[in-house]
Amino acid sequence: MSILIKNGYVVYGENFEIIEADVLIEDNRIVKVAKGINESADTVIDAKGRVVSPAFVNLHTHSPMGLFRGLADDLPLMDWLQNHIWPREAKLTREYTKVGAYLGALEMIKGGTSTFLDMYFFMDAVAEVVLESGLRGYLSYGMIDLGDPEKTEKELKEALRVMEFIEKLGSDRVHFVFGPHAPYTCSIALLREVRRLANEHGKLITIHVSETMAEIGQISERYGKSPVVLLDEIGFFGSDVIIAHGVWLDSRDIQILARHGVTVAHNPGSNMKLASGVMPLQRLLNAGVNVGLGTDGSASNNNLDMLDEMKLAALLHKVHNLDPTVADAKTVFRMATLNGARALHLNAGVIKEGYLADIAIIDFNQPHLRPINNVISHLVYSATGSDVETTIVDGKILMLDREVLTLDEEKIIDEAEKTIEKLA
């Protein structure tokens, strides 16, 4: 199949240059970006007055947690987790989790997200949703053993089961990732084995690290060092590791992350809402660390809107540093697109010949996006997910003119309401 997008403002190349051009897609690749493309295509989209942008990469989320949106707000992280979220999650079944995954997939498609890195339970069910929705999912089963050797074995067995399930799907859009939850919930034995298995199977690893001061204190008391130093000393890090949050990092931590090529997934909305702290973004970037952007779960955000997340990231670091030049629009846009793709070793995040056709078309024919003085600025500071008109992933149209083509929106919303009633 081929798609021709005509007459748009195209965010082109690694430097995000704004050009007026057409974009030709064949199969799942961008094959031509130029003015006045006259080649025939199976589908032609008129993007006049619209911005043709790389689709967004949500580098850290828990997509089924939309079921818990708004149920436990305005609480500290540990209170939120231990007294509200974990008790509800204990009631989850594969069926309920799949309903939550459908809701998350629907929300991401409608917000122009093409790719997401997920950590949760019943990830075989989430994989089925990804396959059906047309999204690109990197899926990890969140392993927690709390130092119990019997639980260690059980968690690793489940992770390998999910890996086998995903690999049997045979899809280039669905990938398995090893996902130990965090150093404070995982034993050293589990973390070492994850590193060994990732090497053996050639898989990425994602893990929560240094999210709160409580975590720093807990790891320091248990091991006498920071979470990053601990992981470094057991040989855990590599360029295949993506740590979520990285809020409480000192200079030594940052040097370790930079040396190993570790990516940090920044989650400003969740970090602010849970009052976890402010990630040292500028110091990480100055050290050469790749930083992507994630929403975290929509129970702690409370949405999966990457356009909204970009604005939060930019404003947070400006006010925190008392410097309006920090986290400029192009830097934050890069975090939400190209940096996320690079973390996943994915040839996407850019509109350019040869790259995967993951594209969001955003309607700029609206008062809050006019006049078009600066496209990237408008995307970061003015646009929201509801401005996304069309979402294309892997060369397939998932949403056209705000109508989702791959999922039944009305049914998903209805099922989500019924499911949370059962869980209550």
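**View 1. The cavity inside the model.** On a 1 Å grid over the protein atoms alone, a cavity is a set of points where a 1.4 Å probe fits but cannot get out. Its volume is the space filled by probe spheres set on the points, with grid points joined across faces, edges and corners. This is a predicted model, in which local features need pLDDT of at least 70 and side-chain atom pairs count only at pLDDT 80 or more, while totals for chains, interfaces and linings use all residues. Residues are numbered from 1 along each chain as its sequence is written, and side-chain values use heavy atoms, with hydrogens and water left out. With that settled, here's the cavity: the structure holds one of 30 Å³ or more, and the volume of the largest cavity comes to about 270 Å³.

**View 2. What lines the largest cavity.** Lining residues have an atom within 4 Å of a point, and there are 24 of them here. Nearest the centre you'll find His62, Met65, Leu81, His181 and His208. Two or more lining residues come from each of α1 (77–89) and β7 (113–120); these labels follow DSSP runs numbered from the N terminus, with helices (H or I) of at least four residues and strands (E) of at least two. α1 gives the largest share, six residues. By type, the lining splits into 13 nonpolar, eight polar and three charged residues. Here Ala, Val, Leu, Ile, Met, Phe, Trp, Tyr, Cys and Pro count as nonpolar, Asp, Glu, Lys and Arg as charged, and the others, Gly among them, as polar.

**View 3. Strand β14 and its two partners.** Strands pair if DSSP finds at least two bridges between them. β5 (residues 50–54) runs antiparallel to β14, joined by five bridges, and Val52 stands opposite Ile361. β15 (residues 388–393) is also antiparallel to β14, over four bridges, with Val388 as the partner of Ile362.

**View 4. Helix α11 from end to end.** The 16 residues of α11 (residues 306–321) reach 23 Å from first C-alpha to last, close to the expected 22 Å, which is 1.5 Å times one less than the number of residues. At the N-terminal end, Asp305 is the cap, with a side-chain oxygen 3.0 Å from the backbone nitrogen of Leu307. Buried residues of α11 include Met306, Leu307 and Met310. Just past the helix, Leu322 takes a positive phi of about 50 degrees.

Terms used. On a 1 Å grid over the protein atoms alone, a cavity is a set of points where a 1.4 Å probe fits but cannot get out, and a pocket is an open set with protein on both sides within 12 Å along at least five of seven lines; lining residues have an atom within 4 Å of a point. Buried means under 20% relative accessible area, exposed over 50%, partly exposed in between (1.4 Å probe, protein chains only). A polar contact is a pair of N or O atoms within 3.5 Å; within protein, one must be able to donate a hydrogen and the other to accept it, and residues adjacent in sequence count only if both atoms are side-chain atoms.
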